[in-house]
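Subject: Structure handover

Hello,

Here is the structure I promised you. Please open it first, then read my notes beside it.

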Amino acid sequence: MGELNTAMIERYRNSFLKEVEANVEEGEWVKMCMQCGVCSGSCPLGKFWEHPPQEIFMMIRAGKREAVLQSESVWMCTSCYNCIVRCPRELPITHIMHGLAHYAKRLGLVPKTNPTAKFAQMFWDNLMVKGRVNELKLGLALYFMNGFGDGIKVALKNQKLGMAMMKTGRMNPKEAFGGHAVKDLAGFHKVLKKAQELEDARIAQNGPPAGA
Amino acid sequence: MAKREYSFYPGCSSQKGASSSNYLISVQTMCEELEVQLNEIPDWNCCAASIGYAGGGELPRLTLSARNIALSEQHHPGQDIVATCAACWLSTREAAERLHEDQSLLAECNTALAEAGLKLRNETPIKHMAEVLIEDLGYEALQARVKKPLEGIKIAGYVGCQTNRPFGIAGESYENPKYLDKLVETLGGDSIPDYEKKVQCCGGALAFSEPEKSQEMVKGIIEAAYDHGADLIVTPCPVCQMNVEVYQDQINQTYGTKFQMPVVYYSTLLAVAYGRSAKDAALNGQIIPAKALDALAAK
């Protein structure tokens, strides 16, 4: 586990809720949860969550830090927004789940084999290269995310689909070479680099105290 | 009537050779007929959709959308932004609202944008194309141009998630939106107002990472359409379209079903009803051909 994680454990020793409020996107909403369970009942993948959203919120208040941040559950959100529009207290639950997932990733606590965590990272890395998503490269990266042997199997399984996509002009093998991009790529990268610096500076304010 | 103009955010999946390039073609045809002029935002970038959150923190993600809005405000001042992709629309509108509520985030965003000489004023309304059709133009105007009514074609209106929640279309409910049904009726087709899977999630981006879980949900969406005797499904979202259309072979293998249900965009329906060719309606982009529409377009 990373240095940042150790420092955060030290800093927020007595309150995981405070840690979430200070460091997780929209985390300040967690304490508003009234445990009604509408979110858990509304989630399309609810039956697959080890801990559905309602439980995650209670676990945060109960200080179950590792159980929450190492959970596969926070990577189970399809972003359907059912929970958001139904929550009687109007918690932005979708965003809190994304925020918890991102925080877990920053701390290096993501379960190693979780496919959505891998895919979500690939998506971000892919779009950051050229400013636009390269679907072909993203698809290939996805096939091979569990190694070469597994990748060949997945690719073969999807071969017919790939051919159909190409035939209908909805997949282009030429995207492997270059592909679509923003024109002011240097400007795009400068803007995103600055945004990341500012984000890091804000995190450092909440993070480990100086000299820790 | 003077042309309506919008600042257009097409999004990654609509680019040439990408998974919803057929959507863009039918939208362009539809807009020609409706005298709507789409001015593409110059040099737009990806919005990070709803799956960029692993690598992308709050500010970098918001900055992606802020760059697009800033470019739009610079090059197309006074024009509303319109997106055809549900995820593009949602991310952009969400970013605009978050930056409106949090002035310190807005200030940071503008510090980042200044690196490329851009500035976000954040005063631009952000719409989905379905809002343009239903709120700006209205059903009457849409009906006035129908040359080939979709007579005898039964269509399940699959609204899905992100065109519906958390923003949606004015006056529609989250749980039972009716605008696709009304649109189908407007074009002379037979709607299925009690299509119970109309707002069921298809899995979104998890169709890639958790295919079994997603395909189980898609199976329900298609099965319900068959139960109602639908000839095809119509949707306003590129992720819905792709997930519900292209995995039917795999679903048939897993579950022993014999699904062969066409899934089209609303823009394809309009293009055909307005008398345009199969090519202009992008019917050649269907992996599962929409035969009823092919036949009508050929008439």
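Of the 212 residues of chain A, 43% count as buried. A residue is buried if 20 or more other C-beta atoms lie within 10 Å of its own, exposed if 12 or fewer, and partly exposed in between, with C-beta atoms placed from the backbone. This is a predicted model: local features need pLDDT of at least 70, side-chain atom pairs count only at pLDDT 80 or more, and totals for chains, interfaces and linings use all residues. Residues are numbered from 1 along each chain as its sequence is written, while chains are lettered from A and ligands numbered from 1 in the order in which they are written.

Chain A has 12 helices and 0 strands. (Helices, H or I with at least four residues, and strands, E with at least two, are DSSP runs numbered from the N terminus.) The C-alpha trace of chain A spans about 55 × 40 × 35 Å along its principal axes. Contacts come next: two residues are in contact if their C-beta atoms, placed from the backbone, lie within 7 Å. In chain A, 62% of the contacts with a separation of 6 or more join residues 24 or more positions apart.

Now chain B. It has 13 helices and 8 strands. Of its 299 residues, 63% count as buried. For contacts in chain B with a separation of 6 or more, residues 24 or more positions apart account for 75%. A compact globule of 299 residues would have a radius of gyration near 19 Å, and chain B agrees, with 19 Å. (That radius is taken over C-alpha atoms; the globule rule is 2.2 Å times the number of residues to the power 0.38.)

How do the chains meet? 54 residues of chain A are in contact with 51 residues of chain B. The side of chain A that touches chain B has 27 nonpolar, 14 polar and 13 charged residues. (Ala, Val, Leu, Ile, Met, Phe, Trp, Tyr, Cys and Pro count as nonpolar, Asp, Glu, Lys and Arg as charged, and the others, Gly among them, as polar.)

Look at helix 9 of chain A. Its buried residues are A:Glu135, A:Leu136, A:Gly139, A:Leu142 and A:Tyr143. (The arc is that of the directions from the helix axis to the C-beta atoms.) Their cover includes helix 8 and helix 10 (148-157) of chain A, together with helix 8 (206-209) of chain B.

Next, a helix pair in chain B. Helix 9 (residues 211-227) and helix 11 (residues 248-255) of chain B pack at an angle of about 100°, with their axes 10 Å apart. (Axes are lines fitted to C-alpha atoms, for helices over the stretch in contact, and angles run from 0 to 180 degrees between N-to-C directions.) The two helices are therefore roughly perpendicular. (Under 35 degrees counts as roughly parallel, over 145 as roughly antiparallel, 65 to 115 as roughly perpendicular and the rest as oblique.)

Last, some backbone details. The peptide bond from B:Arg165 to B:Pro166 is cis, with omega near 0°. A:Ser79 is not a glycine, but has a positive phi of about 60°. A:Ser79 is buried, with 23 other C-beta atoms within 10 Å. B:Ala282 also has a positive phi, near 60°. B:Ala282 is buried, with 26 other C-beta atoms within 10 Å.

Best wishes
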